[in-house]
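Please look over the chain shown below and keep it in view while reading.

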Amino acid sequence: MSSKMTPTVEIRSAPHVKAPRSVEQIMRNVVYSLLPVCAFFIFQYGISAAALLIVVTGACLLTERFFLATGTQAGRLADWSATITGILLALSLPPGFPLWMGFVAGAVAIALGKAIFGGIGFNVFNPALVGRAFVQAAFPTAIATYTPSFLPGRFSEFVPSSLAMPLMMPADVSVWLHERQLDALAGATPLAKWKFEGVLANAVDLLTSLSGHMAVGPAPLLILLCGAYLAARRFLDWRIPASILGSATALALVLYSINPEHYPNPLFMLFSGGLIIGAIYMATDMVSSPVTPRGMVLYGVLIGVLTVVIRYYSGLPEGVMYAILIGNASMPLIERISQPTPFGKGVFNRQKRPASFTLDPDFIAPEITRAPTRTSRFSRKKDGADA
Amino acid sequence: MMNTNVPSTWEEFTEGLWERNPIFVMVLGMCPTMAVTVSAINSISMGLATTFVLAASCWLVSLLRHAIPKEVRIASYIGIIATFVTVTDYAIQALSLSLYEALGAYIQLIVANCLVLGRAEAHAAKVSPWPATVNATGMGLGFTLGLTMIGGVREILGNGTFFGLSLFGEHFQPWVVMVLPPGGFFVMGGWLLVFALWRARKARLAAASAEGVQHGA
Amino acid sequence: MNTPNSAQQATPTGAMIKALGLVSAVCGLIIVGSYQGTLSAVADNKRIALERAVFKVIPHAKTVSEFYALPGARIEPVKAGDPPAGAVKFYAAYDENNALAGIAAEAAAKGYADIVRVLFGYSPECQCITGIGVVSMRETPGIGDKILIDKDFLANFKELDVKLNADLSALANEVKTVKHGSKTQPWQIDAIAGATVTSRAVGRGINDSAQALLPRLVPNLEQLRTKP
């Protein structure tokens, strides 16, 4: 018995996951779940949307390849993470967005959002949103120019703004729309129409995105279904989208019940703009969202509330992007205050201590160094002095 | 204690120009770097104004270095620098009011540019006037070069022009963010990245050739 | 050479004072010298810049005089030194026959990024504003800076009504910036779509400045008819 060769024992810290689940596997599944959304996006907007998806994803992959080659970032091209960034970024841009600007957005997303932090697993912000925020600041007009969905001839003809020459201003879409007997307003997103014109779109139309001539992004219903698949397979944590959507709806409902004239109904809030895709695919980025269960809820509520506040009280019609970026930035703080109580430690003698430990050469483990805990020793001394 | 390795005039001059460039190597004087580099012409004017202040005050500091006891040296240096900033201020007002308005408060803020006081304290107070002035001029021109490299990129992307010359015709799409303050940080970071990649490549090549020599021998 | 020994020796007080005195004397000489040397060029530049700005908003103007409008509806020419308390500065422009061509004054209000300053031209004949020129602004390029070039917006100031009420104490109708495309009255300013904040700042600045200046200026117009 003892003479038998013992197999190599690998010592690992918890959690001891039974099924191996690699980063690549998770990322690949996210890409699979995004494929129906992309297909519907192309069905809505035609070849302009298809070209945008290809160019943005290509830009992300090229930039990733460059930084991997120079050795400035960790990860592999085959881990699918740059592909996800590219697809999400393209889905969050207007379908007629000039392709060269899409290329800039993809390159900036990887370079500024990921490579400078050290690659996959180190990014502070969701890279897709960093890219979007950059082009939002650089090209504010182009990113606000949407085109209506289900235009006739969308599979044979590009939106003229898509094919702008690099560095050149895109063609005026309103002229092109006018030739098709559509007023310029058809190109405004439902949120912009509500904010600047006071026109409220029907929530069911928004949810399915099936009615024509509406400038909405990818269909919320489809994204919800794809998100449900990911959540069911535990590739994303349901707490984050649930708390974002829940808190946004709750706040919108409170405001709507106070003044229905001034504020739109909560369903419009929920299904317009990028709230659904942001909540399900962008805020749940595993690197830039908290890992503690309570932290996830807190993070989601912060994003949901910020989204509604930005939409209602700022000069911008859409606020999901900035809300998620602020949520990403506050993620370390949220994790710090939402550390779970270890089993056996009650609520009453829980210690206030930072989540991280200092780099002390004498440091062994928190449980050993704190054998007589600081608070208890302190209180005992005090007792002794009193006695 | 005697410094036996006295640098030549050329070495003094080129130290700040490239080897220890104030912006890209020492990362000094970031306030004007971010604020006025929206166009190449602004950058070059700001850089030349700083160069004048730097060279003139380093010359005077070096000239008076034996007369100034070290207890009161900071007060004296700041006085000297403030003098030349005032002179520059008047000179620019006399030359062009529109340039003066474009540069705004950043002309007066040269007095607080850490590059100027830093060079006066670290270099000019220890050497004779000629090398002090030459070194300060080199540093100032290095600063100008850095500012113009940032300002040039920001102007090309943010406005489609370079020194006011239109590069891409009237259909150019300006990158609004480049003329806003964040653009300064983006371009600065971009240049630092380029230099870091270049240095890494040079080090790799040097290591490879050293290895090759060893193996060959 | 800075040996540790010499570093420890204390410098006598007299030497420190002497050194500081020497530095101050040298610096003082340089500053005063350069001030004297550039004085006339700076003054010329300022005058040229002012004239260029005023001539832009008042056509036919050839010369400019500066005045203060004082509380109690008085006006007096600008003299060197600090302005009197409560004074509002304005510029009277004259044509080649030394007859009054128009009045210009500065208006300022908080825009989107920083204070927007504009110079507006006022014509006593039509009691209206006849043109504006932006003096300084730091509005978002591509959005707020449309106030410099947007033709429809600038057309608002071809004949913007700033009539005074009957007892000359305030404007009959406040200058107001309205939403793009909803201008109905001659005292309204049609905002630029997408740059409402900046457009409003221009309107508010002109209103505030006109409210402060015109009640003091209009009763004294006769005094300004010919160049002093």
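The points below go from the whole chain to a single residue.

This is a predicted model, in which local features need pLDDT of at least 70 and side-chain atom pairs count only at pLDDT 80 or more, while totals for chains, interfaces and linings use all residues. Residues are numbered from 1 along each chain as its sequence is written, chains are lettered from A and ligands numbered from 1 in the order written, and side-chain values use heavy atoms, without hydrogens and water.

**Fold**
- Chain B holds nine helices and two strands, these being DSSP runs numbered from the N terminus (helices H or I, at least four residues; strands E, at least two).
- Read from the N terminus, the elements of chain B follow the order α-α-α-α-α-α-α-β-β-α-α.
- Along the principal axes, the C-alpha atoms of chain B fill a box of roughly 65 × 60 × 25 Å.
- Of the contacts in chain B with a separation of 6 or more, 75% join residues 24 or more positions apart, a contact being heavy atoms within 4.5 Å.

**Burial and surface**
- Of the 217 residues in chain B, 45% are buried, that is, under 20% relative accessible area with a 1.4 Å probe and protein chains only.
- Chain B exposes about 10,300 Å², of which carbon and sulfur atoms supply 69%, as computed by the Shrake-Rupley method with a 1.4 Å probe.

**B:Cys58**
- B:Cys58 lies in helix H3, residues 40-63 of chain B, and is buried, with a relative accessible area of 2%.
- Leaving aside neighbours within four places in sequence, B:Cys58 is in contact with B:Arg119, B:Ala120, B:Ala124, B:Ala132 and B:Ala136.
- B:Glu121 is 63 residues from B:Cys58 in sequence, yet the C-alpha atoms are 8.9 Å apart in space.

Conventions: Buried means under 20% relative accessible area, exposed over 50%, partly exposed in between (1.4 Å probe, protein chains only).
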